[in-house]
Amino acid sequence: LKLMSRSLSENAQNQYQACTGDLKEAARRNVAFFNVALKLLGEPASVPDYVSEAVTAELSMIDEHAGFNNSPIFIYTEDYSQYVPRGHYTRSEVLKKYFKAMMWYGRMSFLLKGSSSPGPVGEALISVEDARIQTLQASLITLSLDSLQSEGQSIADIWNRIYGVTAFFVGLADDLTPYEYKEAIQKILGVPVNVATLADPANLFELKKELASLRSPQIFGGTGNAMVPPNATAEDLDKILDKTKGMRLMGQRFIPDSYMFQSAGTEMVKLQ
């Protein structure tokens, strides 16, 4: 996990230096994203000045278990109380750090949907512009995973190893994964992918349209503190889940227990 995080962080910094416009901003936010993970893992990373404020703020809220607060990097609201290590992850400092980093990679989502009036009760959790940037972020990470090597290892292979082992124990990702983003990107832009063409408005529109046609999450994990009314119907829940559609690096896992309890809640509303 440390090796993967270091490699992706360094690559994001290189992309920040090389890119312009929206791609540069997407790379900047990715630098912040991976530096938060590195700090959670206890790595002695030197945080670049252009993301230090955001990284410090994220780490402070994680350390304080600050409850619901707006994420400086992802804009929408995150539940920072989720980063308290629990179960067997409390048995050592290594496991505590691993828990926090994997929680960060598993909760923070690069959202597809944007709105002119974003917020927990709006049509989307973030603005149209931020949805554009976050889709570019996910695309840059996807392409980086597929191309990077470090210490004689493929970064994609490392991701597969981590994901495969965790999926064996707790299930497959409920969210879209880098694999699905890779297939969509190659379908729209061809192979090999010219990164610069990602930011073209027409290409990005086609990419988002392709990604929007893929599966939506089935479990609401609290992203953005989207309002789930007490009398929510199954249709209401679907609308909220659409707001949270996007890529997570490690993904919230589809656990049958969670799905059944969530579904039972909306079915009870129908019966009443």
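This is a predicted model: local features need pLDDT of at least 70, side-chain atom pairs count only at pLDDT 80 or more; totals for chains, interfaces and linings use all residues.
Of the 272 residues in the protein, 50% are buried. Taking contacts between residues at least 6 apart in sequence, 67% join residues that are at least 24 apart.

H1 covers residues 2-18. Its buried residues are Leu3, Met4, Ser5, Ser7, Leu8, Ser9, Asn11, Ala12, Gln15 and Tyr16. One of them, Ser9, has a relative accessibility of 3% and therefore counts as buried, the cut-off being under 20%. Leaving aside residues up to four places away in sequence, Ser9 touches Phe34, Asn35 and Leu38.

The next helix to consider is H2, which runs over residues 21-40. H2 has 20 residues and reaches 29 Å from its first C-alpha to its last, close to the 28 Å expected at 1.5 Å a residue. Most of H2 is covered, with 14 of its 20 residues buried. After H2 comes Gly42, which has a positive phi near 80°.

H1 also packs against H5, at an angle of about 120° and with the axes 11 Å apart. That angle makes H1 oblique to H5, because angles of 65 to 115 degrees count as roughly perpendicular and those over 145 as roughly antiparallel. The crossing of H1 and H5 is right-handed. On the H1 side the contact is made by Leu8, Asn11 and Gln15, and on the H5 side by Leu140, Ser144 and Leu145. By class, the residues of this contact divide into three nonpolar, three polar and no charged. Leu8, Asn11 and Gln15 are also among the buried residues of H1.

H5, residues 128-147, has a further partner in H7, residues 178-189. The axes of H5 and H7 come within 9 Å and cross at roughly 95°, which means that H5 is roughly perpendicular to H7. Here Ala138, Ser139, Thr142, Leu143, Leu145 and Asp146 in H5 meet Pro178, Tyr181, Lys182 and Ile185 in H7. The contact of H5 with H7 has six nonpolar, two polar and two charged residues. Leu145 takes part in the contact of H5 with H7 and in the contact of H1 with H5.

Which residues does Leu249 touch, not counting those up to four places away in sequence? They are Met4, Phe33, Phe34, Tyr105, Ile141, Leu145, Trp159 and Pro178. Leu249 itself lies in a loop, between strand S8 (246-247) and helix H10 (256-271). Its relative accessibility is 0%, so Leu249 counts as buried. Leu249 and Trp104 are 145 residues apart in sequence, yet their C-alpha atoms are 9.1 Å apart in space.

Met4 is a buried residue of H1. Leu145 in H5 and Pro178 in H7 belong to the contact between those two helices. Phe34, touched by Leu249, is also touched by Ser9.

How values were computed. Residues are numbered from 1 along each chain as its sequence is written. Side-chain values use heavy atoms; hydrogens and water are left out. Helices (H or I, at least four residues) and strands (E, at least two) are DSSP runs, numbered from the N terminus. The expected span of a helix is 1.5 Å times one less than its number of residues. Buried means under 20% relative accessible area, exposed over 50%, partly exposed in between (1.4 Å probe, protein chains only). Axes are lines fitted to C-alpha atoms, for helices over the stretch in contact, and angles run from 0 to 180 degrees between N-to-C directions. Angles under 35 degrees count as roughly parallel, over 145 as roughly antiparallel, 65 to 115 as roughly perpendicular and the rest as oblique. Contact means heavy atoms within 4.5 Å. Ala, Val, Leu, Ile, Met, Phe, Trp, Tyr, Cys and Pro count as nonpolar, Asp, Glu, Lys and Arg as charged, and the others, Gly among them, as polar. A crossing is left-handed if the near helix is turned anticlockwise from the far one by less than a right angle, and right-handed if clockwise.
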